[in-house]
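Here are my notes from going through the model, point by point. Have the viewer open alongside as you read.

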Amino acid sequence: MEDIVYENVEEVQYIVVKLGDEQYGIDIRHVDNIVRMTRITRVPKSQPYYVGVINLRGEVVPIMSLRKRFGLEDDVYNNATRIIIIRMEDQSMIGFVVDEVREVVNIDPRKVEKPAFKLDEKNASFLAGIGKKGESLISLLNIQAVVEGNKEA
C-alpha cells in the first residue's frame with residue numbers, strides 16, 4: 001500500500017518572537033518589516049495596550065504592546081526589543097513590540113494543535129494553535145484576532 005501524499009499541504013513559515021519566557025509564532029505572510037526599537041509618539045486616550053505611533057517611511061503606524069495586550073507585565077526595552085510591522089488584509093499596517101525576534105521556522109500545519117485546555121474567552125481567540133518545532137512549543141498567533149479585539153474601543 002502506498003503512503004498518502006499531502007499534495008496541497010506545505011509548511012508555513014513563522015517568525016518566532018519572545019515575550020518573557022514564552023515563544024509566539026507570527027505567520028511570515030503578515031510581516032512587512034522588522035525594525036529596531038525607535039521613538040514612539042504617545043497618543044492620548046487610546047487603548048492601554050497601544051503605546052503610540054511611529055513614522056515608518058513617511059507612513060504613521062500604530063504600535064501595540066503585545067505584552068499589555070496579553071495582560072503580561074509592562075515592556076522593558078533593551079537592545080533585543082523589536083517592532084514587528086504587520087500588513088493587514090486591508091493593507092493598513094500595525095506594529096507589535098516584542099522582547100526579541102528569535103528565528104524563522106517552518107511548521108507543518110498538520111502538526112499544529114488546537115489547545116485542549118479551556119482558555120478565557122478574551123484571550124482564546126488570539127491563539128491559532130500550538131506549533132511543535134523539535135522539543136519546542138510555539139503559540140501561533142491569530143493576527144486578525146489580536147488586532148481586531150481593539151476595535152471595541
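Is Lys 45 buried or exposed? With a relative accessible area of 88%, Lys 45 counts as exposed, because the label starts over 50%, with buried under 20% and partly exposed in between (1.4 Å probe, protein chains only).

Some ground rules before the points. This is a predicted model, so local features need pLDDT of at least 70 and side-chain atom pairs count only at pLDDT 80 or more, while totals for chains, interfaces and linings use all residues. Residues are numbered from 1 along each chain as its sequence is written, and side-chain values use heavy atoms, with hydrogens and water left out.

1. **Overall layout.** The protein chain comes to three helices and ten strands. Both are DSSP runs numbered from the N terminus: helices are H or I with at least four residues, strands are E with at least two. Going along the sequence, the pattern reads β-β-β-β-β-α-β-β-β-α-β-β-α. Of the 153 residues, 41% count as buried. For contacts (heavy atoms within 4.5 Å), take those between residues at least 6 apart in sequence: 56% of them join residues at least 24 apart.

2. **The five-stranded sheet.** There is an open sheet with the order β8-β1-β2-β10-β9 and mixed pairing; two strands pair if DSSP finds at least two bridges between them. Its edge strands, each pairing on one side only, are β8 (100–107) and β9 (127–133). On average, neighbouring strands here are turned by 35° against each other, direction ignored. The axes behind that value are lines fitted to C-alpha atoms, with angles running from 0 to 180 degrees between N-to-C directions. Within the sheet, β1 (residues 12–19) and β2 (residues 22–27) pair in the antiparallel sense over six bridges. Leu 19 faces Glu 22 of β2 across that pairing.

3. As background, strands of a sheet pair through backbone hydrogen bonds, either parallel or antiparallel. Strands β4 (residues 50–56) and β5 (residues 59–65) are an antiparallel pair with six bridges, and Tyr 50 stands opposite Met 64 in β5. Their hairpin has two residues between the strands, and Arg 57 takes a positive phi near 50° there. β5 also runs parallel to β7 (residues 93–98), joined by three bridges; Ser 65 has Val 97 in β7 as its bridge partner.

4. **Aromatics.** The structure holds three aromatic pairs. Rings of Phe, Tyr and Trp (its six-membered ring) pair if their centres lie within 6.5 Å; planes under 30 degrees apart count as stacked, over 60 as edge-to-face and the rest as tilted. Tyr 49 and Tyr 50 form a tilted pair, 5.5 Å centre to centre with 40° between the planes, and both are buried. Phe 70 and Phe 126 have their ring centres 5.5 Å apart and their planes at 40°, so this pair is tilted. It links distant parts of the chain, 56 residues apart: Phe 70 is in the loop between α1 (66–69) and β6 (82–87), Phe 126 in the loop between α2 (121–124) and β9. Phe 70 and Phe 126 are buried, and together with Tyr 24 they form one aromatic cluster.

5. **A charge over a ring.** The charged end of Arg 69 sits over the ring of Tyr 49, 4.3 Å from its centre. The criterion is NZ of Lys or CZ of Arg within 6 Å of the ring centre and within 35 degrees of the ring normal.

6. **Thr 81.** Have a look at the loop between α1 and β6, where Thr 81 is placed. Thr 81 counts as buried, at 2% relative accessibility. A polar atom of its side chain lies 2.8 Å from the backbone nitrogen of Asn 78. Leaving aside neighbours within four places in sequence, Thr 81 is in contact with Arg 36, Met 37, Val 76, Val 97, Val 98 and Asp 99.

7. **Positive phi in loops.** Back to Lys 45: this residue has a positive phi of about 60° although it is not a glycine, and is found in the loop between β3 (31–36) and β4. Gln 91, also not a glycine, has a positive phi of about 75°. Gln 91 lies in the loop between β6 and β7 and is partly exposed, with a relative accessible area of 48%.

Methods:
Polar contact = N/O pair within 3.5 Å; in protein donor to acceptor, adjacent residues only side chain to side chain.
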